Amino acid sequence: MISHSIWFVSIALELLLVARGFQQNLIRRYPVFYSYISFVLLSDFLLLAVPPNGRAYLYCYWVTEFLSLVLGCLVFLEFYRVALSAYPGTARMARALLAILFLLAMAKTVVSTLNVPEWWHNATPAQVEGVLRVCQLLAILSLAVLLLFYSIPFGKNLRGILLGYGFFICWSVVCLAAVNVGPATFKPLWSYTYSLSYLIALFVWTMHLWSYQPNPVPDRTIPLEQEYRRVAAATQRRLHDARGYLAKAVRS
């Protein structure tokens, strides 16, 4: 009864969050984040329509859970794009590194899950979510350190998204680690507090995304961006020289 109550309140908040996103035009500014929320909302309706006892429900649950994890990884790429919009070089480099990390984690998750006989019935949360959740935790901690270390300003909307997602991911990793240690003992921890952490994240997102507030414009360049520009300029010079040498070799 408790888990169903949390589920229904979560659906209501997801509907409200998406509706406010349309009204305030936040969907255009955070398209991947709202795509993630919309997908989770559609997944909730799908699971409500499927009989809970049977193979079909388990299959739908794990497939939608994995796809939401993939969308969640794309959300982190959007976090870096928005938070570092004033530093395009640094943002581009960070997103490339994150994309490689997430692709490797997804590949490992797919292989380890499919190796489980009748994975839709025997797969555990740690097998399906563990590696990707840890990667997401590292990504959000790295972004937080970067923003704080270089005193990069960010507005209410982005702060709320990061706070809500950060809390949800941190608690997910704690729950997954506990379940992995003792599945039987910590099953209630996963069943209730995991859903409750997502509900808290929805409350945070709804409060911080009720209206649009732009990120403040930074008044200085961070060292990482300066270094990126130097490396990019040096690379362009080398490519230009290499093209010149190649042209001379072809003419001769």
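Mentor: Let's start with one residue in this predicted model: E78 is buried, with a relative accessible area of 4%.

Trainee: How should I read that percentage, and where does the limit for "buried" lie?

Mentor: A residue is called buried when its relative accessible area is under 20%. E78, at 4%, therefore falls on the buried side. Across the chain of 252 residues, 42% count as buried.

Trainee: Which residue does E78 form a salt bridge with?

Mentor: For a salt bridge, the nitrogen of a Lys or Arg side chain has to be within 4 Å of a carboxyl oxygen of Asp or Glu. Here the partner of E78 is R81, and their closest N and O atoms are 3.4 Å apart. A search of the whole structure turns up one salt bridge.

Trainee: How many residues apart are E78 and R81 in helix α4?

Mentor: Three, so about one helical turn separates them in α4, which covers residues 55-83.

Trainee: Let me step back to the fold. How many helices and strands does the chain have?

Mentor: There are 10 helices and zero strands. Reading along the sequence therefore gives you an α label at every step of the pattern: α-α-α-α-α-α-α-α-α-α.

Trainee: Now the surface. Which residues form the nonpolar patch?

Mentor: When you look for such a patch, pick out nonpolar side chains on the surface. Here F8, L15, L42, F45 and L48 form one, and together they have about 480 Å² of accessible area. F8, for example, lies in helix α1 and is partly exposed, with a relative accessible area of 46%.

Trainee: Which helix gives the most to the nonpolar patch?

Mentor: That is α3, with three residues. Both α1 (2-23) and α3 (31-49) supply at least two residues each.

Trainee: And how do I read a pocket? Which residues line the second largest pocket?

Mentor: Begin with the volume, then see what surrounds the space. The second largest pocket holds about 210 Å³. Its lining includes I140, L141, A144, F154, R159 and C170. Helices α7 (125-149) and α8 (156-181) each contribute at least two lining residues.

Trainee: Where does P153 lie?

Mentor: P153 is in the loop between α7 and α8, and it is partly exposed at a relative accessible area of 28%. It also shows how sequence separation and spatial distance can be read side by side: P153 and V217 are 64 residues apart in sequence, while their C-alpha atoms are 7.3 Å apart in space.

Key
Residues are numbered from 1 along each chain as its sequence is written. This is a predicted model: local features need pLDDT of at least 70, side-chain atom pairs count only at pLDDT 80 or more; totals for chains, interfaces and linings use all residues. Side-chain values use heavy atoms; hydrogens and water are left out. Patches are made of residues with over 30% relative accessible area and no salt bridge: like charges are joined within 9 Å, nonpolar side chains (Val, Leu, Ile, Met, Phe, Trp, Tyr) within 5 Å. Accessible areas come from the Shrake-Rupley method with a 1.4 Å probe; for residues, only the protein chains shown count as cover. Helices (H or I, at least four residues) and strands (E, at least two) are DSSP runs, numbered from the N terminus. Buried means under 20% relative accessible area, exposed over 50%, partly exposed in between (1.4 Å probe, protein chains only). On a 1 Å grid over the protein atoms alone, a cavity is a set of points where a 1.4 Å probe fits but cannot get out, and a pocket is an open set with protein on both sides within 12 Å along at least five of seven lines; lining residues have an atom within 4 Å of a point. Grid points are joined across faces, edges and corners, and a volume is the space filled by probe spheres set on the points.
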